[in-house]
Amino acid sequence: MHKRTLLRATACAALLAGGGGLAFAQGAPFKIGLILPMTGQQATTGRQVEAAARLWIAQNGDTVAGRKVELIVKDDTSLPDMTRRLAQELLVNDKVDVLAGMGITPSALAVAPLATQARTPLVVMAAATSSITQASPFIVRSSFTLPQVSVALADWAPKNGIKTVVSLVSDYGPGIDAEKYFKERFVLNGGKLPESLRVPLRNPDFAPFLQKVRDLKPDALFVFVPSGAGAAVMKQFAERGMDKAGIRLIATGDVTDDDQLGEMGDVALGVVTSHHYSAAHPSAANRKFVEAFQKANNGLRPNFMAVGGYDGMRLIYEAVKKTGGKGKGEALVNAMKGQMFESPRGPVLIDAQTRDVVQNVYLRKVEKKDGQLWNVEFDVIKDVKDPGKSK
Ligand code: DHB
């Protein structure tokens, strides 16, 4: 009798343990359709975001609230028609629970109507035009916005001897946002901005624009180009002797991108930028993140895109947990609203009204430390909301 009870107890425990396992196995996988530019001009964005998403999974497990996480990565080569087609396939064929990624603004805007129609969350991890979150109530953003980071630099510049600026931006959403918000604030602060130059997004040739800037001879040139294009600007800035002509370079942190900064050389030294993330951000959480990212990726330094991907995965995991593994569509979006956590970039909040990210913006200067270039933070503006939303 005693033996039988024991047996039964053992069987029961085994069943319980097994039953748990069974429930895990039976729960449908939680599918994340991650669309990124893995090739072409924006390939570094794809590489960074994917590596960060995989790091998140390696550190936090591939099961959340009983659901096995399935990450489906698709390469849209940064062409918005392709992004739309891939999103459609992921929704219809793979029946993904969440769409994510979006390397550039046109991709995010191409997918927004599909997210609305399919009532599926779209976590924008990279693209940064202010208006994106207004394109669908199913969009939540983990990256940043250009207005958010540009205003800080327009406050810094006139206090630091810069009275005239020419702006040079990529001619599309984020560039136009950067130009507008930098100019408005700089002029409000008494600065003069006589010329706003725009270069094409695809295969830009900066030379004729830089020549024009040289002729105009402002105190500084303000630049926004997307991640991956900064090194070319920096190289041509030096080749045209702009620095020797006494023109300073100031920019959003997209230009002194941590993915490329190591290769830019000493021409980048002293460049002041404003942004939400630097790999040199001096917090324990960031040191841990950078170390783990580099270890998993042959020493590659994470950039701001990586942080958008990493934090985007956190938003998704927390939303799945909060909804007990059963949440879909709107319930997942609602569970992302108001999330607050410490990111490698610093404290982050997802504004429940706008579904956009509220975060610190840092002023940084490129400095050499232990033979390497870094964006060293020297000032911070805390808890910045996207100024684009109040208009
Ligand atoms: C966008 C892309 C970038 O690479 C970047 O650095 C900022 C914004 C965009 O297309 O939204």
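Strand β9 (residues 220–224) is largely enclosed by the rest of the structure, because five of its five residues are buried (buried means under 20% relative accessible area, exposed over 50% and partly exposed in between, with a 1.4 Å probe and protein chains only). Helices (H or I, at least four residues) and strands (E, at least two) are DSSP runs, numbered from the N terminus. The structure is a predicted model, in which local features need pLDDT of at least 70, side-chain atom pairs count only at pLDDT 80 or more, and totals for chains, interfaces and linings use all residues. Residues are numbered from 1 along each chain as its sequence is written, and side-chain values use heavy atoms, with hydrogens and water left out.

In a regular strand the side chains alternate between the two faces of the sheet. In β9, A220, F222 and F224 point one way, while L221 and V223 point the other way, and all are buried. Strand β7 (residues 164–170) runs parallel to β9 and is joined to it by five bridges; two strands pair if DSSP finds at least two bridges between them. S167 has F222 of β9 as its bridge partner. Strand β10 (residues 248–252) also pairs with β9 in the parallel sense, over four bridges. Here L221 stands opposite L249 in β10.

An open sheet of six strands has mixed pairing and the order β2-β3-β1-β4-β5-β6. Its edge strands, β2 and β6 (139–141), each pair on one side only. Three bridges connect β6 with strand β5 (residues 122–124) in the parallel sense, and V124 has R141 in β6 as its bridge partner. Helix α4 (residues 105–118) lies across β4 (98–101), β5 and β6, where contact means heavy atoms within 4.5 Å. The helix runs at about 160° to β5; axes are lines fitted to C-alpha atoms, for helices over the stretch in contact, and angles run from 0 to 180 degrees between N-to-C directions.

A65, in the loop between β2 (63–64) and β3 (67–75), has a phi near 45°. A65 is partly exposed, with a relative accessible area of 39%. S78, in the loop between β3 and α3 (80–92), has a phi near 65°. S78 is buried, at a relative accessible area of 1%.

Two packed helices are described by the angle between their axes and the distance between the axes. Helix α5 (residues 146–156) and helix α6 (residues 173–188) pack at about 35°, with their axes 8 Å apart. On the α5 side, the residues in contact include L146, P147, V151 and L153; among those they meet in α6 are P174, Y181, F182 and F186. By class, this contact has 10 nonpolar, one polar and three charged residues (Ala, Val, Leu, Ile, Met, Phe, Trp, Tyr, Cys and Pro count as nonpolar, Asp, Glu, Lys and Arg as charged, and the others, Gly among them, as polar).

Overall, the secondary structure comes to 12 helices and 15 strands. Of the 391 residues, 55% count as buried. Contacts between residues 24 or more positions apart make up 67% of those with a separation of 6 or more. The C-alpha trace spans about 95 × 45 × 35 Å along its principal axes.
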